[in-house]
Amino acid sequence: PLSDADLRTYLGPGGRLLRPQDLRLHVYHGGVEPGLRKVVWRYLLNVFPAGLSGQERLAHLRRKADEYATLKALLAARAAPAELALVGAAVRKDVVRTDRGHPYFGGPEEGHPHLAALQALLTTFALGHPRLSYCQGMSDVAAPLLAVLDDEAQAFLCFC
């Protein structure tokens, strides 16, 4: 699996990713050490525009987090109550079925912050993509992203 030392061989001055295709091949053939997934998945899922330095990537993530918060509020405010209830109910059916044996999603359902973040992420996606909306199983893709990244906005970026 890709290690931290391996990842550094793909980075140049300022932390710029020099050989994205080689990084993808390395991961394809050997996977990624679990502790490194949070970093590598953002590269693999094209969260960053090409050529950003480490500082530029951090600024990009902050800007995208702000954009996500704005989008989430705007879509929730703009949606008709019936649409919001319909989408929210469809998403909720899958969110409560998320692997509750996983420590990130374990515990009581009511007031669970990670289940609420998953609900918000998927509802925002569905409202923002009305032709696609929500499809059963999207939570199975979004849940691992949220559990590894532990950040709703970053998980949303990766999911998109």
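This is a predicted model: local features need pLDDT of at least 70, side-chain atom pairs count only at pLDDT 80 or more; totals for chains, interfaces and linings use all residues.
**Overall make-up**

The protein chain has eight helices and zero strands. Read from the N terminus, the order of elements is α-α-α-α-α-α-α-α. The C-alpha trace spans about 50 × 35 × 25 Å along its principal axes. Of the 160 residues in the chain, 39% are buried. Among contacts with a separation of 6 or more, 60% are between residues 24 or more positions apart.

**Two helix pairs**

Two packed helices are described by the angle between their axes and the distance between the axes. Helix 3 covers residues 37-44, and helix 7 covers residues 138-149. The axes of these two helices come within 9 Å and cross at roughly 130 degrees. Helix 3 and helix 7 are therefore oblique to each other, since an angle counts as roughly antiparallel when over 145 degrees and as roughly perpendicular from 65 to 115. The crossing of helix 3 and helix 7 is left-handed. On the helix 3 side the residues that meet helix 7 are R37, K38, W41 and R42; on the helix 7 side they are P144, L145, V148 and L149.

Helix 6 (residues 113-128) packs with helix 8 (residues 152-159) at an angle of about 40 degrees, and their axes are 10 Å apart. From helix 6, the contact uses A117, A120, L121, L122, T124 and F125; from helix 8, it uses E152, A155, F156 and F159. Helix 6 and helix 8 are therefore oblique to each other, because the limit for roughly parallel is under 35 degrees. The crossing of helix 6 and helix 8 is right-handed.

Is R42 buried or exposed? R42 is buried, with a relative accessible area of 13%; the cut-off for buried is under 20%. R42 is part of helix 3. Although buried, R42 has no salt bridge. The nearest side chain of opposite charge belongs to D151 and is 7.5 Å away, whereas a salt bridge requires the charged atoms to lie within 4 Å.

Which residues does R42 touch, leaving aside its neighbours within four places in sequence? R42 is in contact with V47, F48, L61, L149, Q154 and C158. R42 and R78 are 36 residues apart in sequence, and their C-alpha atoms are 30 Å apart in space.

Q154, one of the contacts of R42, lies in helix 8. Q154 has 14% relative accessibility and so counts as buried. Leaving aside its neighbours within four places in sequence, Q154 is in contact with R42, L61 and L149.

**Two residues with positive phi**

Most residues other than glycine have a negative phi. N46 is not a glycine, yet has a positive phi of about 55 degrees. N46 lies in the loop between helix 3 and helix 4, the latter being residues 54-78. S133 is not a glycine either, and has a positive phi of about 60 degrees. S133 is found in the loop between helix 6 and helix 7.

**Accessibility of the residues discussed**

The table includes T9, which is found in helix 1 (residues 4-9).

| Residue | Relative accessible area | Class |
|---|---|---|
| R42 | 13% | buried |
| Q154 | 14% | buried |
| S133 | 21% | partly exposed |
| T9 | 47% | partly exposed |
| N46 | 57% | exposed |

Why does S133 count as partly exposed? S133 has a relative accessible area of 21%, and the partly exposed class takes in values between the 20% limit for buried and the 50% limit for exposed. T9 belongs to the partly exposed class because its relative accessibility is 47%. N46, with a relative accessible area of 57%, is exposed.

T9 and V95 are 86 residues apart along the chain, and their C-alpha atoms are separated by 39 Å.

Definitions and conventions: Residues are numbered from 1 along each chain as its sequence is written. Side-chain values use heavy atoms; hydrogens and water are left out. Helices (H or I, at least four residues) and strands (E, at least two) are DSSP runs, numbered from the N terminus. Buried means under 20% relative accessible area, exposed over 50%, partly exposed in between (1.4 Å probe, protein chains only). Lys and Arg count as positive and Asp and Glu as negative; His and the chain ends are not counted. Contact means heavy atoms within 4.5 Å. Axes are lines fitted to C-alpha atoms, for helices over the stretch in contact, and angles run from 0 to 180 degrees between N-to-C directions. A crossing is left-handed if the near helix is turned anticlockwise from the far one by less than a right angle, and right-handed if clockwise.
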